[in-house]
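Q: I would like to learn how to read a few features of a model. Can we take them one at a time?

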Amino acid sequence: MQKNIIVLVGPTGAGKSHFIDILAGTNWANKKMAQRAVGVRDKEVALSLEGSSTSVVLVDAPGFDDATRPDSEVVRDVVSWLQAQYGNRPHILGVLYFNSIKENRAVGRPQDGLHDFWLMCGLSSRENGERVVFVTTHWDVLGDKGKGDIRRELLQTVVSGVGGIVTDFEGSKASAEEIARGFLRQRPLQLNIDTTRVKPQKLAKPPKVKRFMCSVQ
Ligand SMILES: Nc1nc2c(ncn2[C@@H]2O[C@H](COP(=O)(O)OP(=O)(O)O)[C@@H](O)[C@H]2O)c(=O)[nH]1
Ligand SMILES: [Mg+2]
């Protein structure tokens, strides 16, 4: 049976697992690092839209901006997982791209990971416009709301070039439902998965620093 799949991506700590916790009543986010499941996992949740209930699968991805491996390899994990679960031609509703509003580095280069994601799925970054929602989080712990607004504006500028929309997660279940429900208003998109379309990449090495020997007489 066709599933309504939403894929959650973004840097570690941005709030992907927390969002699922709020929506589905799981307890994933506050586990200690060692207890956190590495890899991809999913949770099915019922969402109501216009009086009827629809089941949605939330797919929780490993974090982007990982110092040990490039985002393209994280993307490969997610797409390979989709393929293993649902075959080469699954349908997805869309992608939620998480950004903590308290982080300066939050914006990063979302276009790269998304480019690889769509390419492995047989589609292109043109899909960003309709299928990617950038979710800002951590508004409740922001001391200075003005800083959040500036970061949001920066994110909005990046997203204008990448495609997609920006929305704020307010922390409540109602807010999480509203964000996920937005995808139910459009038809699921069929993928054509082939992860070999993107060549495996190594993390770019930091430039070598020359060492000078100096002798003190
Ligand atoms: N106060 C607050 N905490 C959050 C929010 N989103 C996530 N967190 C917390 O931030 C930490 C990292 O979140 P997590 O969901 O594990 O991030 P992930 O790596 O993207 O899955 C956890 O302790 C969460 O409980 C938020 O919007 N507000
Ligand atoms: Mg997580």
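Q: How do the residues of the shell around ligand 1 divide into nonpolar, polar and charged?
A: This is a predicted model. The shell around ligand 1 holds five nonpolar, 11 polar and two charged residues.

Q: How many residues surround ligand 1, and which are the closest?
A: Ligand 1 is surrounded by 18 residues, and the closest are G15, K16, S17, H18 and A29. Helix 1 supplies the largest share of this shell, with three residues.

Q: Where is I22 placed?
A: I22 lies in helix 1, which covers residues 16-24.

Q: Why does I22 count as partly exposed?
A: Burial is read from a neighbour count, and a residue is called buried if 20 or more other C-beta atoms lie within 10 Å of its own. I22 counts as partly exposed because it has 19 C-beta neighbours inside 10 Å.

Q: Which residues is I22 in contact with, leaving aside its neighbours within four places in sequence?
A: I22 is in contact with K173 and A176. K173 is 151 residues apart from I22 along the chain, yet their C-alpha atoms are separated by 5.5 Å.

Q: What is the order of the strands in the open sheet?
A: Strands of a sheet pair through backbone hydrogen bonds, in either a parallel or an antiparallel sense. Here the open sheet has six strands in the order 2-3-1-5-6-7, and the pairing is mixed. On average, neighbouring strands are turned by 30° against each other, direction ignored.

Q: In which sense do strand 2 and strand 3 pair, parallel or antiparallel?
A: Strand 2 pairs with strand 3 (residues 52-60) in the antiparallel sense, over nine bridges. One of the bridge partners is D60 in strand 3, which is paired with R41.

Q: Which strands does helix 6 touch as it packs on the sheet?
A: Helix 6 (residues 173-181) touches strand 1 (4-9), strand 2, strand 3, strand 5 (94-100), strand 6 (132-137) and strand 7. The direction of helix 6 makes about 90° with that of strand 2.

Q: How are two packed helices described?
A: The description uses the angle between their axes and the distance between the axes. In this model, the axes of helix 2 (residues 71-86) and helix 3 (residues 110-120) come within 9 Å and cross at roughly 35°. The crossing is right-handed. Helix 2 makes the contact through D71, S72, V75, R76 and V79, and helix 3 through D112, G113, D116, F117 and M120. By class, these are four nonpolar, two polar and four charged residues.

Definitions and conventions:
Residues are numbered from 1 along each chain as its sequence is written. Chains are lettered from A and ligands numbered from 1 in the order in which they are written. This is a predicted model: local features need pLDDT of at least 70, side-chain atom pairs count only at pLDDT 80 or more; totals for chains, interfaces and linings use all residues. Helices (H or I, at least four residues) and strands (E, at least two) are DSSP runs, numbered from the N terminus. A residue is buried if 20 or more other C-beta atoms lie within 10 Å of its own, exposed if 12 or fewer, and partly exposed in between; C-beta atoms are placed from the backbone. Two residues are in contact if their C-beta atoms, placed from the backbone, lie within 7 Å. Axes are lines fitted to C-alpha atoms, for helices over the stretch in contact, and angles run from 0 to 180 degrees between N-to-C directions. A crossing is left-handed if the near helix is turned anticlockwise from the far one by less than a right angle, and right-handed if clockwise. Ala, Val, Leu, Ile, Met, Phe, Trp, Tyr, Cys and Pro count as nonpolar, Asp, Glu, Lys and Arg as charged, and the others, Gly among them, as polar. Two strands pair if DSSP finds at least two bridges between them. A residue is near a molecule or strand if its C-beta atom, placed from the backbone, lies within 6 Å of it.
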